Amino acid sequence: MSRLLTNVAEMIPRMQERAGALDRDSAFPTLEIDQLRRAGALSSPLPVSGSGNVDELAQLLILTGQGNLSVGRILEAHINARHLMARYDAAAIRDDDRLYALWVTDPPSNGLTMRRFGNRIALSGGKQFCSGAGHATGALVTAQDEHGNTRMLVLPLGIGEHVTQLPSPLQGMRAAVTGAVDFTGCETSTDAILGDPGDYLREPDFSGGAWRGSAVALGGLIALIEHAVAQLRQSGRLDSPHTQSRLGQAIIARETGRLWVHHAARIAEDNSEDAGHRVATVGLARIAVEAACLDAMRLIQRSLGLSAFRQGNPIELICRDLSTYLRQPAPDEVLTEAATWFADHPEPTL
Ligand SMILES: Cc1cc2nc3c(=O)[nH]c(=O)nc-3n(C[C@H](O)[C@H](O)[C@H](O)COP(=O)(O)OP(=O)(O)OC[C@H]3O[C@@H](n4cnc5c(N)ncnc54)[C@H](O)[C@@H]3O)c2cc1C
C-alpha cells in the first residue's frame, strides 16, 4: 500500500468517531480535509493513467468514504473539478492549496449566467446543491454565456458570492454542507474560462467520472458491514442462520460493488478505450453499486431491527448518508443507455 493510502487508512477510526457530531451540527469536516491535504490526497496527479495509479485513486476514495461519506463527497468533488481542469487546460491545474468544489446544478429559475466585457466577466444567478458551500475556496462552475452555450469557469471563491442553505435541507450527507450559492454581482477575469463551448458535456469525461462517486459509496457500504458485524456479534445474534444468510448476501453485494468500481475505474481512465464503452461501463457500475448499497442496507436493517434506526448508532447515519448520496442524476437513462450500448456492442468472445 502506498504512503498516501496508509495515511488515509489510519485516519478512518477518528473520522468515524467524529462523523456523528459533524452530522448533528451539519458541520464542515475541516479537520478531516486538512488531514487529507497534509497526506497529499488533494494534490494527487490528474488525470490518472496506468492501472496502478487508477487503483490507488479508487482505493483513496473508498477509504475516505469508509471513514465518512460526507468527507468522501467533498474529496470526490475536488478530484472531479481538478480532473476537468487537467483535462481541458493543463495550465489551469494550479499547485495551489485550494479546496475545489464542482457546482454544475442550476436551480429551477435564475441559473448561473455570464456576460463578457473586455477581459472581465460579470456573473448573474446561482447554483443549487453546492457541496462545501461557504467552505470550498475554489469552484469549477458551469455558466450559460451570451450565446446560450454552457461554459466552464474556474473561480476563486470569496469574490462576493452569497451562500445560503437549501430551502429544505437534505436528510443525509449533512456534513457535506450542501447549500445554494448566488453569484449575482460577482466579477471575474476571462482567464477563468476553461475549455470551449460544450466541453463540460463532452463524453467520456461528462459521464465517465461517475465511477468516483460510486467508489465513495462503496466505502460507506464497507463501513456499514463492519459496524453490522460488530453489533450483531455483540448482541449474540450472529449465530442465527437467518442473520448469517443475510450477512452473506450483504457481503456478496459489497464484493460485487468492489469488482464493478475497480473495473469501471480502469476502463473509464483508459484513453485507448472507446468513449462509448467507457461511458456505458461506468453507467452499469453506477447502477450496480447503487443496487448493492440498497440491498445491503435492507438486509442489515432487517437483521438489526430498530437499533439500526436509533440516532447515535453509526449504522443509522451511514444508511441516511448513503440513501441520500445514492440519489445521483438520471439513473433510468444511465441504465437504459448502457443497456443499449452493450446490446449494440456485445463483448468479443475470446
Ligand atoms: C449529497 C449530494 C451532494 C451534491 N453535491 C452537488 C454539488 O456539489 N454540485 C452539484 O452540481 N450537484 C450536487 N448534487 C446534485 C446532483 O448533482 C444531482 O443534481 C442530484 O443528485 C440529482 O438527483 P435526483 O434524484 O433529483 O435526480 P433526477 O435526475 O431528477 O432523478 C430522479 C428520478 O427521476 C428520473 N428522471 C430523470 N429525468 C427524468 C425525465 N425527464 N422524465 C422522467 N423521469 C426522469 C430518474 O431516472 C430518477 O428515477 C449533490 C447531490 C447529493 C445527493
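This section describes the ligand site of the predicted model and then some local features of its backbone.

The ligand sits in the largest pocket of the protein. A shell of 17 residues surrounds the ligand, and the closest of them are Thr-105, Phe-129, Arg-327, Ala-330 and Asp-332. Three secondary-structure elements each contribute at least two residues to the shell: strand 1 (100–103), strand 4 (126–130) and helix 10 (331–344). At the level of domains, residues of the shell come from both domain 2 (100–196) and domain 3 (205–344), so the ligand lies between these two domains.

Asp-332, one of the closest residues, has an N or O atom in its side chain that is 2.7 Å from an oxygen atom of the ligand. How much of the ligand does the protein bury? Taken alone, the ligand exposes 960 Å², and 60% of that area is buried by the protein.

Two cis peptide bonds can be pointed out, with a proline in each. One joins Leu-46 and Pro-47, with omega at about -10°. Pro-47 belongs to the loop that links helix 2 (30–39) and helix 3 (51–67). The other joins Glu-203 and Pro-204, where omega is about 10°. Pro-204 is placed in the loop between strand 10 (193–194) and helix 5 (205–208).

Although Ser-26 is not a glycine, its phi is positive, at about 45°. As for its setting, Ser-26 is found in the loop that runs between helix 1 (3–25) and helix 2.

Note on methods
Residues are numbered from 1 along each chain as its sequence is written. This is a predicted model: local features need pLDDT of at least 70, side-chain atom pairs count only at pLDDT 80 or more; totals for chains, interfaces and linings use all residues. Side-chain values use heavy atoms; hydrogens and water are left out. A residue is near a molecule or strand if one of its heavy atoms lies within 4 Å of it. A polar contact is a pair of N or O atoms within 3.5 Å; within protein, one must be able to donate a hydrogen and the other to accept it, and residues adjacent in sequence count only if both atoms are side-chain atoms. Accessible areas come from the Shrake-Rupley method with a 1.4 Å probe; for residues, only the protein chains shown count as cover. On a 1 Å grid over the protein atoms alone, a cavity is a set of points where a 1.4 Å probe fits but cannot get out, and a pocket is an open set with protein on both sides within 12 Å along at least five of seven lines; lining residues have an atom within 4 Å of a point. A molecule sits in a cavity or pocket if more than half of its atoms lie within 2 Å of its grid points. Helices (H or I, at least four residues) and strands (E, at least two) are DSSP runs, numbered from the N terminus. Domain bounds come from an automatic or database domain assignment.
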